[in-house]
Amino acid sequence: MQETAKLAVVTPQPEIPMLQLLAPDGTYGVPKEYQRYGEVIETLSEDDLKKFYRDMARIRRFDIEAIALQRQGQLGLWVPAIGQEGAQIGSGYGVGHSDHIFPSYREHGVAITHGVELMSILKMMRGVNHGGWDPEETRFHLYAIVLGTQVLHAVGYAMGVKFDGLVGTGDKDKDLAVISYMGDGATAEGDVSESLLFAAVNDAPVVFFVQNNQWAISSNIKDVTRVPLYRRGEGFGVPGMRIDGNDVLASYAATKIHMDEARSGQGPFLIEALTYRIGAHTTSDDPSKYRDEAEVDEWRAKDPIARFEVFLRRQGISDDFFEEVASAGDALAKDIREQTFALTNPPLENIFNHVYSDPHPEIDRQRQWLKAYEAQMGTHE
Amino acid sequence: MRGYKSVVEIQFDGFVFPAFNQITSQLAKLTYRSEGFSQMPIVIRIPYGGGIGAVEHHSESPEAYFAHTPGLRVVTPSNPNDAYWMMQQAIESPDPVIFLEPKRRYWQKGPVNLDVSPMPLHNARLLREGTQVTVLAYGPMVTAALQAAEIGAEEDVSIEVIDLRSLSPIDYPTILASVQKTNRAIVVHEAPTNVSLSSEIAARIAEHAFYHLEAPVLRVGGFDTPYPPAKLEEAYLPDADRILEAVDRVLSY
């Protein structure tokens with residue numbers, strides 16, 4: 001900071017407070033003002049920590065395989081989450097087992113922490129169906145393709161939970177809260193502002209988890225907000241904090257604490273997880289057109305998995321564990337590749353199923369017509 | 001999703017569009033996307049139509065947008081008895097229902113029969129029998145259609161009037177039975193006629209009752225303009241005279 005002459009043209013940025021327990025070099029430390037977050041980490045067992053690592057590595061391997069499958073024409077589209085594993089696995093495990101989750105379409109990591117099958121995600125991206133899992137059973141609701149829409153659904157659901165009287169009863173088995181995931185781009189949607197307002201005025205038990213990966217397709221975060229996103233809720237009455245999204249422990253602790261608080265009736269909260277989208281927006285995007293490789297390298301050096309590996313090794317976790325995870329990743333890749341190649345097309349009647357829950361004469365008529373047409377034209381398998 | 005049956009009210013027809021994305025892109029599709037895992041038993045009440053001297057955005061007829069959207073059911077009562085029963089049937093439905101309320105008929109009084117169970121929600125009702133032409137109307141235009149039939153009768157023109165009640169799905173068996181009898185049809189609504197409910201109904205009648213028709217199906221509706229200022233709405237909105245003008249045309253083929 002001595003070179004004032006060189007920096008004179010740069011707008012001074014006040015230091016933004018950020019919860020970080022695990023530095024990019026793998027050093028663990030709890031700043032005094034974040035002590036209660038550190039206390040949450042103290043409760044984790046070695047198995048918990050291994051689970052975090054295993055799932056981060058697993059979802060990255062899955063992601064790489066999915067990109068390859070899309071390039072081979074096996075998927076219509078893929079939405080990579082590489083670089084965001086710390087935010088997603090940490091946060092996902094911070095969500096309780098009765099809580100409900102409303103994701104956007106990049107939350108593959110969160111999905112696996114709540115029992116969603118990886119093949120379900122691939123089926124959807126292949127075009128076998130539009131959803132693929134039971135949102136009631138998994139409590140992980142369907143991916144939202146129109147970004148921002150899911151945030152209103154989360155708040156509405158949280159208001160329903162409150163109507164049910166399942167907030168702040170003190171009974172840990174009864175109470176539940178809701179979390180909505182979104183990216184930095186979605187915060188510019190009107191739906192998100194409406195969500196913050198409705199959550200605030202209704203004291204809804206909901207946490208807004210914003211993964212600020214800094215690029216809304218080709219729009220950089222600097223061009224789309226004047227105020228850091230963790231403060232976006234302030235005017236609506238939703239307090240917030242920034243965390244290091246590439247720190248799986250900070251992501252876990254912040255989500256756990258603020259979901260617990262929402263569940264106990266303390267109202268909504270916003271977490272901005274600062275992270276970076278290492279890959280493309282989707283497989284239809286080429287980020288080299290709009291950002292420098294140097295910036296990507298800078299964030300590769302802050303990788304969530306690499307820093308956690310350093311931390312675990314310092315904790316005394318041996319080579320055997322990391323080798324086991326690596327070979328499990330290879331097996332997973334082989335397995336999903338085989339399962340994807342073996343997928344069959346859905347039956348034609350799926351076009352018509354579940355448009356309505358009650359019978360509908362037009363749908364019935366068209367279903368019959370297609371059936372007769374196909375019979376006349378020959379098989380269509 | 002949380003097990004509640006929500007009944008929401010949009011203040012006026014022209015104010016529904018900020019919610020249009022959530023209604024057409026989310027609400028209408030969620031049961032389909034989830035392959036039946038999630039149901040959306042939501043009723044959206046929308047006061048619609050003109051004739052009340054209101055300012056802009058308070059007099060529109062947006063029904064075609066919703067009837068066009070798979071996954072939604074669209075109904076509209078024309079009288080107090082139907083309003084009472086159709087609302088309860090809409091709330092019972094496991095599917096999302098757009099419930100269009102003809103706001104200029106809010107002051108219309110009529111008996112509500114609590115003793116007779118209602119007809120199915122998506123059935124049309126034959127309101128007045130006639131032999132020469134079928135007038136198909138819904139919501140606020142049913143009153144105008146009945147007036148036209150009354151005036152027609154004085155001039156020895158026999159007009160059959162059907163209240164469609166449901167705009168998605170449409171009760172084609174009732175419509176086609178009537179047209180096969182009268183051999184002529186006119187569809188009436190306040191909305192602009194371009195790509196409207198009347199376009200669809202006319203096409204379907206032509207498809208399924210072509211050899212019964214003595215004349216093309218005519219449409220009586222609003223003009224293909226934005227809803228005009230209130231001092232011009234009398235000339236914009238269809239009424240009994242406009243319907244009778246179409247009756248004259250359809251009978252002269």
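Buried area is the accessible area that two parts lose on being put together, summed over both. In this predicted model, that figure comes to about 1900 Å² between domain 1 and domain 2 of chain B, with carbon and sulfur atoms giving 50% of it. The two domains in question span residues 7-105 and 125-251 of chain B, and their C-alpha centres sit 22 Å apart. On the domain 1 side, 27 residues are in contact with 24 residues of domain 2.

As for where the domain 1 side comes from, the elements giving two or more residues to it are α3 (63-67), β3 (73-75), α4 (80-92) and β4 (97-102) of chain B. Sorted by class, that side has 12 nonpolar, 9 polar and 6 charged residues. Elsewhere in the chain B pairings, Arg104(B) forms a salt bridge with Glu190(B), with the closest N and O atoms 2.6 Å apart.

Another chain B pair is Asp95(B) with Arg73(B), a salt bridge with its closest N and O atoms at 2.8 Å. Asp95(B) lies in the loop between α4 and β4 and Arg73(B) in strand β3, so this pair ties together parts that are 22 residues apart in sequence. Both Asp95(B) and Arg73(B) are buried.

Turning to chain A, the domain assignment gives domain 1 (14-341) and domain 2 (348-377), and 39 Å separate their C-alpha centres. Two salt bridges here sit within single helices. In one of them, Asp260(A) meets Arg263(A) at 2.6 Å, N to O. These residues are 3 apart in helix α10 (residues 248-263) of chain A, which means that about one helical turn separates them. Asp260(A) counts as partly exposed because its relative accessibility is 28%, whereas Arg263(A), at 13%, counts as buried.

The other pair is Lys334(A) and Glu338(A), whose closest N and O atoms are 3.2 Å apart. Both belong to helix α13 (residues 319-341) of chain A and are 4 residues apart, about one turn of the helix. Lys334(A) is partly exposed at 46% relative accessibility, and Glu338(A) is partly exposed at 45%.

Chain A also has a linked set: salt bridges with shared partners join Arg61(A), Glu65(A), Asp330(A) and Arg337(A) into one network. Over all chains, the search of the whole structure finds 38 salt bridges.

Notes:
Residues numbered from 1 in each chain as written. Chains lettered and ligands numbered in written order. Predicted model: local features only at pLDDT ≥ 70, side-chain atom pairs only at ≥ 80, totals over all residues. Heavy atoms only, no water. Domains from an automatic or database assignment. Contact = heavy atoms within 4.5 Å. Buried area = accessible area lost by both parts, 1.4 Å probe. Salt bridge = Lys/Arg side-chain N within 4 Å of Asp/Glu carboxyl O. Nonpolar A, V, L, I, M, F, W, Y, C, P; charged D, E, K, R; others polar. Buried < 20%, exposed > 50% of the residue type's maximum accessible area, 1.4 Å probe, protein only.
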